[in-house]
Amino acid sequence: MLLEDQHPDNKSIMVAVLGAPNVGKSSMINSFIGMDLSIVTQKPQTTRNKFHCVCTVDRTEIVFVDTPGLHKSSNEINKRYNQQALEGADGADVNLILIDLGQEIKGQFSEFRELFKKPIGPAWVIFTKSDLIPEWPTLPLEVAIEQAKEIIPSIEKHLVVSTKTEENMNELIGAICDSAEAGPHFYEGGEISNKNQRFFATEFIREQAFNLLNDELPYEVAVLIEEYKDGRKGDPVIAYISASIIVNRPSQRGIVVGSKGSMIKEIGSRARMKIEAMIGGQIHLNLHVKVMPKWFKNNFVLEEIGLPRANTSARVWKKK
Ligand SMILES: Nc1nc2c(ncn2[C@@H]2O[C@H](COP(=O)(O)OP(=O)(O)O)[C@@H](O)[C@H]2O)c(=O)[nH]1
Ligand SMILES: [Mg+2]
């Protein structure tokens with residue numbers, strides 16, 4: 001449909017969701033869009049790329065931009081995660097700065113300001129996980145906001161929410177809709193993201209690896225699609241997907257494969273269920289493990305997983 005053919009009452013708004021790792025950015029977006037699109041785990045730094053998740057409320061299209069958590073580190077891959085977060089705010093009409101109520105509040109604002117190295121547009125502070133801090137009404141949040149405005153003057157308002165109890169989630173979506181301006185919808189015909197099914201397939205595989213593998217190993221795992229082929233007409237299988245789980249060290253291969261292949265089988269069968277739910281049909285998923293030492297310093301792999309060089313990236317790459 002041509003943009004000018006859209007309903008005259010259409011409204012649209014782009015909302016960047018920003019904050020430290022693990023504050024609940026992806027959970028909040030999933031709760032709004034009503035599906036587990038953005039991957040959520042108990043481990044920090046699950047989200048690695050910025051991407052759009054779209055939800056439409058009446059005639060208002062809300063484009064949420066999920067972003068990796070801003071994180072202090074001089075590692076190349078972290079510089080690229082942070083760059084994704086910074087770019088996620090480009091063009092946003094509202095920036096939600098998520099602050100975990102269960103963590104020290106002032107420090108979260110100063111860390112945000114330190115890492116978000118550019119001017120920030122209209123900002124709303126969203127205090128998350130209120131269900132974990134039932135005494136939150138007694139916390140000096142107004143004082144914290146006044147102090148935060150000294151370093152982030154564009155703060156306009158704040159809200160306390162929980163994705164577990166849905167506290168104030170309706171208020172937040174209502175406030176977002178009220179701020180949307182008249183304009184065309186950019187996503188039509190049921191599209192819910194600017195990333196394709198191939199991207200979400202790698203995310204869902206990585207999500208299960210994060211859930212099932214212990215400790216630090218998930219951070220040394222990446223997923224690459226080797227082949228994504230649609231099934232032929234009449235074939236009950238609608239996609240044949242072959243993907244590799246990339247690990248850093250040879251000793252990690254055995255852990256990911258597991259005893260008699262049990263681990264990779266479990267990762268595969270859980271990921272397959274999520275991918276099938278997303279694409280609405282049967283898929284064939286073939287997973288294998290590849291050892292690529294120091295893949296997180298390898299420009300090719302980083303670009304392949306959607307992390308181009310950051311402004312602060314090292315210009316010269318030493319071969320290991
Ligand atoms: N109790 C509680 N836990 C939450 C809430 N929101 C997120 N979490 C948990 O916090 C962890 C990190 O969430 P996630 O959405 O991945 O955070 P992100 O890294 O900021 O995207 C997960 O274990 C979530 O289940 C909430 O409102 N209440
Ligand atoms: Mg996330």
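**Notebook: rings, helices and a magnesium site**

I began with Phe210, which counts as buried because its relative accessibility is 0%; buried means under 20% relative accessible area, exposed means over 50%, and partly exposed lies in between, with a 1.4 Å probe and protein chains only.

Before going on I noted that this is a predicted model, in which local features need pLDDT of at least 70 and side-chain atom pairs count only at pLDDT 80 or more, while totals for chains, interfaces and linings use all residues. I also noted that residues are numbered from 1 along each chain as its sequence is written, that chains are lettered from A and ligands numbered from 1 in the order in which they are written, and that side-chain values use heavy atoms, with hydrogens and water left out.

**Entry 1: aromatic rings**

I searched the whole structure for aromatic pairs and found eight; rings of Phe, Tyr and Trp (its six-membered ring) pair if their centres lie within 6.5 Å, and planes under 30 degrees apart count as stacked, over 60 as edge-to-face and the rest as tilted. Phe200 and Phe204 are both buried.

I then turned to Phe210 and Tyr219, whose ring centres are 5.6 Å apart with planes at 75 degrees, so this pair is edge-to-face. Tyr219 counts as partly exposed because its relative accessibility is 22%. Which residues do ring pairs link into a cluster? I found Phe51, Phe199, Phe200 and Phe204.

**Entry 2**

Which residues coordinate the magnesium ion (ligand 2)? They are Ser26, through OG, and Thr47, through OG1, at 2.0 to 2.2 Å; donors are N, O and S atoms within 2.8 Å of the metal (3.2 Å for Na, K and Ca), and since water is not among the atoms, sites may look incomplete. The pair links distant parts of the chain, for Ser26 sits in helix H1 (residues 25-33) and Thr47 in the loop between H1 and strand S2 (51-57), 21 residues apart. Ser26 and Thr47 are both buried.

Seven of the nine residues of H1 are buried, so I wrote this helix down as largely enclosed by the rest of the structure. The buried residues of H1 pack against S1, S2, S3, strand S4 (94-100), strand S5 (123-128) and helix H5 (169-179), where contact means heavy atoms within 4.5 Å. Just after H1, I noted that Gly34 takes a positive phi of about 75 degrees.

I found Val17 in strand S1, and at 0% relative accessibility Val17 counts as buried. Leaving aside neighbours within four places in sequence, Val17 is in contact with several residues, including Lys25, Met28 and Ile29. Asn22, in the loop between S1 and H1, has a positive phi of about 75 degrees although it is not a glycine. Asn22 is partly exposed, with a relative accessible area of 32%.

**Entry 2: helix H2**

I checked the span of helix H2 (residues 76-88), whose 13 residues at 1.5 Å a residue should span 18 Å, and its end C-alpha atoms are 19 Å apart, which agrees; the expected span is 1.5 Å times one less than the number of residues. Because 11 of the 13 residues of H2 are buried, the helix is largely enclosed by the rest of the structure. Its buried residues pack against strand S1 (11-19), strand S3 (60-66), helix H3 (105-115) and helix H9 (299-304).

**Entry 3: helices H7 and H8**

Helix H7 (residues 250-257) and helix H8 (residues 262-279) pack at an angle of about 65 degrees, with their axes 5 Å apart; axes are lines fitted to C-alpha atoms, for helices over the stretch in contact, and angles run from 0 to 180 degrees between N-to-C directions. I listed Ile255, Val256 and Val257 in H7 as meeting Ser262, Met263, Ile264 and Ile267 in H8. The residues of this contact divide into six nonpolar, one polar and no charged, where Ala, Val, Leu, Ile, Met, Phe, Trp, Tyr, Cys and Pro count as nonpolar, Asp, Glu, Lys and Arg as charged, and the others, Gly among them, as polar.

Notes. Helices (H or I, at least four residues) and strands (E, at least two) are DSSP runs, numbered from the N terminus.
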